[in-house]
Amino acid sequence: MAEDSVKLLGYWASPFALRVKWALKLKGIQYQYVEEDLPNKSPMLLQYNPVYKKVPVLVHDDKPLAESLVILEYIDEVWKHNPLLPTDPYERAKARFGPNLPKTSKKGEEKEKAAKEARENLKTLESGLEGKRFFGGETIGFVDIAAGWIGCWAQMTGEIIGIKLIDAKTMPLLDAWFKDFLEVPFIKECMPPQDKLLEHNKEFHKILTAAST
């Protein structure tokens with residue numbers, strides 16, 4: 001697959017663009033990465049995603065696709081090797097339901113309530129790891145790619161607001177999964193610098209906190 005036939009418009013700190021990078025790497029697809037300056041959106045982004053003007057956007061043979069989970073399914077349909085989704089229809093349907101975690105940018109009791117809700121969602125997610133190393137079994141699959149950013153998010157949240165969401169005692173399966181996930185070479189290769197990402201998220205958290213007061 002020629003690199004110029006596949007482009008990914010993304011932003012270095014976007015977990016959703018990271019999902020697409022992981023999927024392309026897993027499939028071994030060469031692609032051109034276009035880094036966006038989100039405050040000053042490029043003409044290419046406005047051309048390919050004129051309605052929402054957001055990343056990620058995958059452009060394949062000059063045909064654009066937006067929204068990360070839609071892009072993951074498209075990648076799996078077009079490039080059949082190293083499948084992301086299970087072959088069983090029921091398992092495929094279950095894999096398409098990604099976790100939706102609440103933001104923890106509020107204060108006091110509201111922050112604790114949001115953290116409790118996040119832990120409940122994480123526990124539900126963890127149940128999919130019973131007897132497995134990855135959600136895809138012994139290999140990384142759709143849910144691993146879709147949920148991989150959650151471990152990063154939970155770590156950042158713990159450092160920023162002082163509430164630990166995942167640890168070996170309360171969620172041993174999820175904790176072990178995330179550690180194994182980050183050790184996979186192509187996953188590690190795509191990860192942004194952690195110190196830079198932490199500072200970015202601290203600034204983003206300040207903006208969310210100010211907006212909620």
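This is a predicted model: local features need pLDDT of at least 70, side-chain atom pairs count only at pLDDT 80 or more; totals for chains, interfaces and linings use all residues.
The side chain of K27 forms a polar contact with the side chain of D76, at 2.7 Å. When neighbours within four places in sequence are set aside, the residues in contact with K27 are I75, D76, W79, K80, H81, N82, P83 and L84.

Helix α3, comprising residues 68-78, packs against helix α6, comprising residues 142-161, at an angle of about 155°, and the axes of the two helices are 11 Å apart. The angle therefore makes α3 roughly antiparallel to α6, as angles over 145 degrees are assigned to that class. The crossing in which α3 passes α6 is right-handed. On the side of α3 the contact is made by L69, L72 and E73, and on the side of α6 by F142, I145 and A146. Of the residues that form this contact between α3 and α6, five are nonpolar and one is charged, while none is polar.

A further lysine, K196, is found in helix α9, which spans residues 194-212. K196 has a relative accessible area of 45% and is accordingly partly exposed, a class that lies between the limits of 20% and 50%. Although K196 and A13 are separated by 183 residues in sequence, their C-alpha atoms are 8.9 Å apart in space.

Note on methods: Residues are numbered from 1 along each chain as its sequence is written. Side-chain values use heavy atoms; hydrogens and water are left out. Axes are lines fitted to C-alpha atoms, for helices over the stretch in contact, and angles run from 0 to 180 degrees between N-to-C directions. Helices (H or I, at least four residues) and strands (E, at least two) are DSSP runs, numbered from the N terminus. Angles under 35 degrees count as roughly parallel, over 145 as roughly antiparallel, 65 to 115 as roughly perpendicular and the rest as oblique. A crossing is left-handed if the near helix is turned anticlockwise from the far one by less than a right angle, and right-handed if clockwise. Contact means heavy atoms within 4.5 Å. Ala, Val, Leu, Ile, Met, Phe, Trp, Tyr, Cys and Pro count as nonpolar, Asp, Glu, Lys and Arg as charged, and the others, Gly among them, as polar. A polar contact is a pair of N or O atoms within 3.5 Å; within protein, one must be able to donate a hydrogen and the other to accept it, and residues adjacent in sequence count only if both atoms are side-chain atoms. Buried means under 20% relative accessible area, exposed over 50%, partly exposed in between (1.4 Å probe, protein chains only).
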